[in-house]
Amino acid sequence: MTAEGTSAEGTTAAPAKLGTRRSTMATTQSQGVADTITERTGRAIELELITSFGDVTKAHLTQLGGTGVFVNALRDELVAGAIDFAVHSLKDLPTTPAEGLVLAAIPERDDPRDALCARDGLKFADLPAGSKVGTGSPRRVAQLSALRPDLVYVPIRGNAETRLGKVASGELDAVVLAYAGLGRVGRRDDVTDVFEPEQMLPAPGQGALAVECRTERADADLAYLSSVDHPATRAEVVAERTVLSELEAGCAAPVGAYAECTGGRLRLRAAVVATDGATAVRRERTVDIASPEDLDTAVGLGRDLAREMIAEGADRIVAEAFAERDTP
Ligand SMILES: NCc1[nH]cc(CCC(=O)O)c1CC(=O)O
């Protein structure tokens, strides 16, 4: 054992290795979490850049056969022991737990809302009929179609900068992206309108991050990783993700869910909307929660709301959306 390894307090321990994708958004959010951990615990952290399939493929996200394309490369590095921990966008994380890995921390959530970036500073309500709005997400297309069936929704992918470029070039009139992601790539000034949850529910976990490490090393790694855990955010995203797993849906499903944990209460709103926006099941429910650490209550809330929605046909809407996706 080295001198560093045996030192007290861990202050001279070798830097922890944080694996990150290479995109601006990934490195920004990874660096942000690393800085906060170092600030709170003194633990040094170094970033390791990793290339993931989701970053290089040209296929539409919805055609990649589901969830996890952004997280799998990082998970492989974790399991192999090449890195100590990883920071994911929580909404990209499949709801089924990964074997051998543990969600070490869920930091405080950023703005969870979706944002419109339109030409000429236009608001969503002021886009002329027939305007072309780019988004690759079935959840956004469905909810936007319910609000404005007179607009044309164009599937796009690529990083935020690529998508914004299609508005700048005139190819599209607007794009819809997560507000949090735009902030992380320094493009908050491109936002011309923001969707309140009453208009459009964000994806489960949107705006939140997940810090993941190996189960077998969790005792050592949690010593510094738990410094960024935010229990209220964890309760919220657990409720949101339970809706998704109960509906047997993934990140490519037309499911919006948004929970708020404040003042001893947990409020959950969810929507499942058919791709054309015409059919929808929307529900909300609030429960008392004695402590944000009471995750059983968060799971129970998500499960009860999802079951209520399934009784109203939400599972059929999800199944139809998948059938459409799988039709060439
Ligand atoms: N699906 C890609 C993805 N994963 C996380 C974000 C944004 C940041 C977040 O929601 O945490 C985005 C881009 C987007 O949806 O606009």
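How far does a polar side-chain atom of Arg184 lie from an oxygen atom of the ligand?

Mentor: The distance from a polar side-chain atom of Arg184 to an oxygen atom of the ligand is 3.4 Å, which falls within the cut-off for a polar contact (a pair of N or O atoms within 3.5 Å). This is a predicted model, in which local features need pLDDT of at least 70 and side-chain atom pairs count only at pLDDT 80 or more, while totals for chains, interfaces and linings use all residues. Residues are numbered from 1 along each chain as its sequence is written, and side-chain values use heavy atoms, leaving out hydrogens and water.

Around the ligand (a heavy atom within 4 Å) stand Met25, Ser89, Lys91, Asp92, Arg140, Leu177, Ala178, Gly181, Arg184, Gln206 and Gly207. At least two residues of this shell come from strand S8 (174-178), and at least two from helix H7 (179-184); these are DSSP runs, of at least four residues for helices and at least two for strands. Sorted by class, the shell holds three nonpolar, four polar and four charged residues, where Gly counts as polar, Ala, Leu and Met as nonpolar, and Asp, Lys and Arg as charged.

Technical notes. Polar contact = N/O pair within 3.5 Å; in protein donor to acceptor, adjacent residues only side chain to side chain.
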